[in-house]
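I keep these notes as I go through the model, one look-up to an entry. I start with a single residue and its surroundings, and then I widen the view.

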Amino acid sequence: TDFDSKKKRKVAEIYQALNSDPIDVATLRRMAISEGGLLTDEIRCKVWPKLLSVNTDDLPPLPAGKELREDNKDYQQVLLDVQRSLRRFPPGMPDEQREGLQEELIDIILHVLKRNPQLHYYQGYHDIVVTFLLVVGDRLATALVEKLSTHHLRDFMDPTMDNTKHILNYLMPIIDQVNPEVHDFMQSAEVGTIFALSWLITWFGHVLSDFRHVVRLYDFFLACHPLMPIYFAAVIVLYRKQEVLDCECDMASVHHLLSQIPQDLPYEKLIRKAGDLFVQFPPSELAREAAQQQAERTAASTFKDFELASVQQKPDTVLRQRFRERQRGEERTKSILTKPRTNRFVKLAVMGLTVALGAAALAVVKSALEWAPKFELQIFP
């Protein structure tokens, strides 16, 4: 069939890229992103290390589990999370095999944490590690996860959730660029972005029940910029726009709807869409627009407001309050305060502050990938 011949061609192209000297990583990235991703776990074992530039000839041996577990501050929490991870293993796997893998999973996590004391364990991390373990086995998984933890996942592994929240702050501006109506509806419902937290910090591993979909997304995320999962989250919300708009406009209803992720998503279509949005609205541009709006809108441009907002992590409430005070203060005539205009103003200002918070946080993250937006604009007057 046509599909089979396409698949064969793709496999041939992937091996050609792997065997060229030097290895053609750009082609491997393209293959991981394009339809069907990397196709098989056998190929993933060869390509994932290249996407993360991990040298597979020189893998350190894994230490014995016992030394790792003694007096390790994270051991109890990791143990609990791993014990609860039954549904992340293929259905029908014999208990004995699964228990063996769960032991390996604990060892990989503790090993990476021990070697990188700057990293802090978070609940959901094991969902990412188990995906690697099941695809590439324990030794290679350890090397890949360690690299990933000091790069793509670095912000989730801080002592506080601040940077994670800042990354979530990109979600609404992306939605706003594509569909202001959905954005406004979600703002009115005050739903926030916490519904997408587990998507983001587990790369959707925790919420998707079909392992094939999970590894397909991992192909995509490993080949892309570290913020791609938040674009993918935005695309899922946008794909469900009608359901969202048909929902009661209150926090509980919208949160409930969005946190139940449909399992039959058109993954290839959504991956293409997320890639397109990333190119159209790169993080640096969202951050820059935000900084510009920040500068233009006095409501959000004093350092005090910024501090207050970041403490509360609810920039929109701070802004609404500022906006109301100002409205009362100036006692504008009704004609100027027609609804659409007010909404748009609040919305722009909210978006400005939300993204600016994210950008400011990301700008100071010393990520070896240097992916934080570079600021030509001064956020604070």
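This is a predicted model: local features need pLDDT of at least 70, side-chain atom pairs count only at pLDDT 80 or more; totals for chains, interfaces and linings use all residues.

**Entry 1, Glu 104.** I looked up Glu 104 and found its place in helix H6 (residues 95-115), where helices (H or I, at least four residues) and strands (E, at least two) are DSSP runs numbered from the N terminus. Glu 104 counts as partly exposed because its relative accessibility is 28%; I take buried as under 20% relative accessible area, exposed as over 50%, and partly exposed as in between, with a 1.4 Å probe and protein chains only. Setting aside the neighbours within four places in sequence, I find Glu 104 in contact with Leu 133 and Asp 138, contact meaning heavy atoms within 4.5 Å. I also noted Arg 139, which lies 35 residues from Glu 104 along the chain, with 9.5 Å separating the two C-alpha atoms.

Residues are numbered from 1 along each chain as its sequence is written, and side-chain values use heavy atoms, with hydrogens and water left out.

The average pLDDT of the protein is 79, and 75% of the residues score at least 70; pLDDT is the predictor's confidence in each residue, from 0 to 100. Where is confidence lowest, and where is it highest? The lowest mean, 39, belongs to helix H21 (residues 339-364), and the highest, 97, to helix H15 (residues 241-246). I marked residues 290-316, where the pLDDT is below 50 and the stretch has 52 contacts in the model beyond near neighbours in sequence. I marked residues 329-381 too, where the pLDDT is below 50 and 99 such contacts beyond near neighbours are present in the model.

I found a cis peptide bond between Asp 21 and Pro 22, with omega at about 0 degrees, and Pro 22 sits in the loop between helix H1 (2-19) and helix H2 (25-33). In the loop between helix H12 (197-201) and helix H13 (211-222) I looked up Trp 203, which is not a glycine and yet has a positive phi of about 50 degrees. Phe 204, found in the loop between H12 and H13, has a positive phi of about 70 degrees although it is not a glycine. Trp 203 is buried, since its relative accessible area is 2%, and Phe 204 counts as buried because its relative accessibility is 1%.

The structure holds 15 aromatic pairs; rings of Phe, Tyr and Trp (its six-membered ring) pair if their centres lie within 6.5 Å, and planes under 30 degrees apart count as stacked, over 60 as edge-to-face and the rest as tilted. Tyr 121 and Tyr 125 form an edge-to-face pair, at 6.0 Å centre to centre with 90 degrees between the planes, and both residues are buried.

I end with the totals: the protein has 21 helices and zero strands, and 52% of its 381 residues count as buried. Among contacts between residues at least 6 apart in sequence, 75% join residues at least 24 apart.
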